[in-house]
Amino acid sequence: MKLMIPDHIRAISPYVPGKPLEELEREYGIRNSIKLASNENPLGPSPRALEAIGKGLSSLHRYPDGAGHDLIQKIARVNDVAPENVVIGNGSDDIIAMLVQAFVRPGNRVIVPLPSFLMYDIAATAAGAVVDRVPLDGLGLDLTAMAERVTADTRLIFVCNPNNPTGTVVTRAAFENFMARLPDHVVVVVDEAYIEFAKNPDCLKTGSPADLTRPLVTLRTFSKAYGLAGLRVGYGIMPAELAGLLHRVRLPFNVNALAQAAAAAALDDRDFLERSVRLVHDGLESLYTAMDCMEQVYFKSESNFFLIDVNQPADEVFEKMLRQGVIVRSMRAYGYPNYIRINVGLEEENRRFVRALETVLQS
Ligand code: PMP
């Protein structure tokens, strides 16, 4: 084929998701394997969301509500903003793509932390942007260096809080210093995919009515604390002017009907949310204790995952863990060739992970 593919598209390394359980079981003939690789909610979906899905099944011959009315009303109420400030997406990935499509044209610049969630870089590169990758300071975002990289061509800055994969948070004070240094033409996107798990009292949390007076977009997702990763729902909170721009590029039915119904029901399920967060906090403590007992180097996190320095190629540890029926994530693609990332699972899954890691690291 003699296709004229743009160089910037050829240059993209496709996003590699965590390995699915079914794939592991198919390839290795293993039963009862566990996955701690994609920061999912081990409790399963919220029961209220499942009930809403059941009720929605008989209407699947209809298109979804393209305006997402009920879900948007509920998100707005929970966050104390107006519906005009909310945009829903097919996962928060979809909103990242919309932001880049709406605000960035080829040659413009986008600032991202490195390492951080890979989709910022991929979406910006796909739009023909120049990506300014700003290395972390230790494991935390270097907001000072990020502000210093701003030029007249910068359109977007991504701030991941807590940061995936390091689990660090940005403090309110550091963020306000950063914002004060930015010129007016830059939109700041604060990705709060894991914000429900953060415990640090100084942790930044955006999306308040006051944040709607500045060029700031807050991203949230139903994929983590709300347990709905498979349905794909996320949302952004932003000034109405920015939301209006995203609606120009949004696909008409970007969030399917079951996802809208389930997400709205999950927002009401405070009990499920609390259980999910408690499970993560308790799980982190017991996993840290187990790592201490093994004298294993690891990094405490404000999220539902954490990094472990396995002091040998992470890809090999990943492979060996697969043979034990445990899927973890190698951090090689994130620039940490000796680190793995795991998310908190159910108690029994955490114990199984620890046993498997002991076996693998002693082999
Ligand atoms: N942001 C961050 C920081 C993430 O880690 C993820 C998922 N891995 C997402 C956004 C995307 O989440 P979703 O598209 O499922 O809402």
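How many aromatic pairs does the structure hold?

A: Happy to. The structure is a predicted model, in which local features need pLDDT of at least 70 and side-chain atom pairs count only at pLDDT 80 or more, while totals for chains, interfaces and linings use all residues. Residues are numbered from 1 along each chain as its sequence is written, and side-chain values use heavy atoms, leaving out hydrogens and water.

The structure holds 13 aromatic pairs. Rings of Phe, Tyr and Trp (its six-membered ring) pair if their centres lie within 6.5 Å, with planes under 30 degrees apart called stacked, over 60 edge-to-face and the rest tilted. Both residues sit in helix α8, three residues apart, or about one turn of the helix. Helices (H or I, at least four residues) and strands (E, at least two) are DSSP runs, numbered from the N terminus.

Now for the loop between β5 (154-160) and α8 (172-180), where Thr 168 is found. The side chain of Thr 168 reaches the backbone oxygen of Leu 139 at 2.9 Å. These two residues are 29 residues apart along the chain, yet their C-alpha atoms are separated by 6.7 Å. Leaving aside neighbours within four places in sequence, Thr 168 has contacts (heavy atoms within 4.5 Å) with Leu 139, Gly 140, Leu 141, Asn 161, Pro 162 and Asn 163.

Stepping back, the domain assignment, which is automatic or from a database, gives domain 1 (18-44 + 271-362) and domain 2 (47-268). Their centres, taken over C-alpha atoms, are 26 Å apart. Domain 1 brings 24 residues to the contact and domain 2 brings 25. Together they bury about 2100 Å², 62% of it on carbon and sulfur atoms; buried area is the accessible area (1.4 Å probe) that two parts lose on being put together, summed over both.

Across this interface there are zero salt bridges (a side-chain nitrogen of Lys or Arg within 4 Å of a carboxyl oxygen of Asp or Glu). On the side of domain 1 that touches domain 2, α11 (270-293) and β10 (305-309) are the elements giving two or more residues. Of these, α11 gives the most, with six residues.

Key
Polar contact = N/O pair within 3.5 Å; in protein donor to acceptor, adjacent residues only side chain to side chain.
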